[in-house]
Amino acid sequence: MTKIPIKLQDLRRKIYTKAKAEPEWRFWGIYVHVCKMETLEEAYKLTKRSNGAPGIDGVTFESIEAEGIRKYLQQIRHELITKTYSPNRNRRKEIPKVGGKLRTLNIPCIRDRIVQSALKLIIEPIFESDLQDGSYGYRPKRKAHEAINRVAKAAIKGNTKCIDIDLKSYFDNVRHHILMEKISKRVNDKEIMHLIKLILKVGGKRGIAQGSPISPLLSNIYLNEVDKMLEKAKEVTKEGKYQHIEYARWQTI
């Protein structure tokens with residue numbers, strides 16, 4: 001794993017600590033950190049590591065590096081600072097699902113994946129502090145097998161009944177205004193909010209684009225109220241007939 005530069009590590013740690021200590025705090029003045037070269041350089045590394053296909057503009061990592069990574073990132077930074085950044089349309093690709101159905105992936109251009117990754121690096125610690133213990137999907141230092149182990153331990157304790165919940169077309173039906181309201185409870189930065197709105201609008205009036213770097217975090221933010229409800233159910237039923245209820249949520253992108 002590529003180690004995140006220490007300054008960025010420290011910033012993310014401080015943001016998380018502040019968010020965890022003050023659940024009602026709304027963060028402001030954080031857009032500047034998205035625009036830093038250090039953040040964009042780390043975002044580029046993360047984007048390249050995922051080794052995704054080119055977007056609709058056909059730009060590849062090879063062509064970027066031939067022209068110069070720093071020059072490429074400086075252009076992105078200029079657009080972010082001058083508020084002239086506008087994401088391109090996503091390239092759509094259908095992949096097969098279980099049962100013969102198809103899932104549509106939306107593949108952003110490398111440029112837009114870098115911006116989304118930079119944004120995620122800064123706001124992820126805020127919302128990570130709010131997410132529930134039973135949420136495992138696409139979170140830092142959490143794996144699918146940990147969710148399975150959580151369920152297995154509950155089964156060993158005698159909890160042998162299982163409820164499997166599947167949200168049909170979840171990503172396609174996320175309502176932008178509700179998601180933005182949830183984000184605004186923790187972010188009081190108009191530039192950050194505007195950038196998120198630009199990213200959402202590329203995919204249409206509703207839904208989150210599956211296949212983009214920011215979509216897992218946004219989906220977790222949107223579902224956090226459901227996780228809180230399940231945590232509450234777990235707490236209020238820990239005594240009596242339905243004691244020791246457990247849950248674990250994992251999602252696929």
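**Entry 1: before starting**

I am working with a predicted model.

**Entry 2: α8 and α9**

I began with helix α8, residues 176-184, and helix α9, residues 190-202. How far apart are their axes, and at what angle do the two pack? I found the axes 11 Å apart and an angle of about 155°. Angles over 145 degrees count as roughly antiparallel, so α8 and α9 are roughly antiparallel to each other. I also noted that the crossing of α8 and α9 is right-handed.

Next I looked up who touches whom. On the α8 side, the contact is made by His-176, Leu-179, Met-180, Ile-183 and Ser-184. On the α9 side I wrote down Met-193, Ile-196, Lys-197, Leu-200 and Lys-201. Sorted by class, the residues of this contact of α8 with α9 come out as 6 nonpolar, 2 polar and 2 charged.

**Entry 3: α8 and α10**

I stayed with α8 and turned to its meeting with α10. The axes of α8 and α10 come within 10 Å and cross at roughly 85°. That falls in the range of 65 to 115 degrees, so α8 is roughly perpendicular to α10.

From α8, the residues in this contact are Ile-178, Leu-179, Lys-182 and Ile-183. From α10, they are Leu-218, Ile-221, Tyr-222 and Glu-225. I had already listed Leu-179 and Ile-183 in the contact with α9, and here they turn up in the contact with α10. By class, I got 6 nonpolar, no polar and 2 charged residues for the contact of α8 with α10.

**Entry 4: α5 and α6**

Then I went to helix α5, residues 69-81, and helix α6, residues 110-128. Their axes come within 11 Å and cross at roughly 65°. Is the crossing of α5 and α6 left-handed or right-handed? It is right-handed.

Tyr-72, Leu-73, Ile-76, Glu-79 and Leu-80 make the contact from α5. Ile-110, Arg-111, Ile-114 and Val-115 make it from α6.

**Entry 5: the largest cavity**

The largest cavity holds about 120 Å³ of space. I counted 18 residues in its lining, and those nearest its centre are Asn-90, Gln-116, Ile-199, Ala-209 and Ser-212. The lining of the largest cavity divides into 10 nonpolar, 7 polar and 1 charged.

**Entry 6: the second largest cavity**

About 40 Å³ of space lies in the second largest cavity. Its lining is made of Lys-120, Glu-124, Glu-128, Leu-131, Tyr-138, Arg-139, Pro-140, Leu-217 and Asn-220. The elements giving two or more residues to this lining are α6 and α10. α6 gives the most, with 3 residues. I got 4 nonpolar, 1 polar and 4 charged residues for the lining of the second largest cavity.

Terms used: Residues are numbered from 1 along each chain as its sequence is written. This is a predicted model: local features need pLDDT of at least 70, side-chain atom pairs count only at pLDDT 80 or more; totals for chains, interfaces and linings use all residues. Side-chain values use heavy atoms; hydrogens and water are left out. Axes are lines fitted to C-alpha atoms, for helices over the stretch in contact, and angles run from 0 to 180 degrees between N-to-C directions. Helices (H or I, at least four residues) and strands (E, at least two) are DSSP runs, numbered from the N terminus. Angles under 35 degrees count as roughly parallel, over 145 as roughly antiparallel, 65 to 115 as roughly perpendicular and the rest as oblique. A crossing is left-handed if the near helix is turned anticlockwise from the far one by less than a right angle, and right-handed if clockwise. Contact means heavy atoms within 4.5 Å. Ala, Val, Leu, Ile, Met, Phe, Trp, Tyr, Cys and Pro count as nonpolar, Asp, Glu, Lys and Arg as charged, and the others, Gly among them, as polar. On a 1 Å grid over the protein atoms alone, a cavity is a set of points where a 1.4 Å probe fits but cannot get out, and a pocket is an open set with protein on both sides within 12 Å along at least five of seven lines; lining residues have an atom within 4 Å of a point. Grid points are joined across faces, edges and corners, and a volume is the space filled by probe spheres set on the points.
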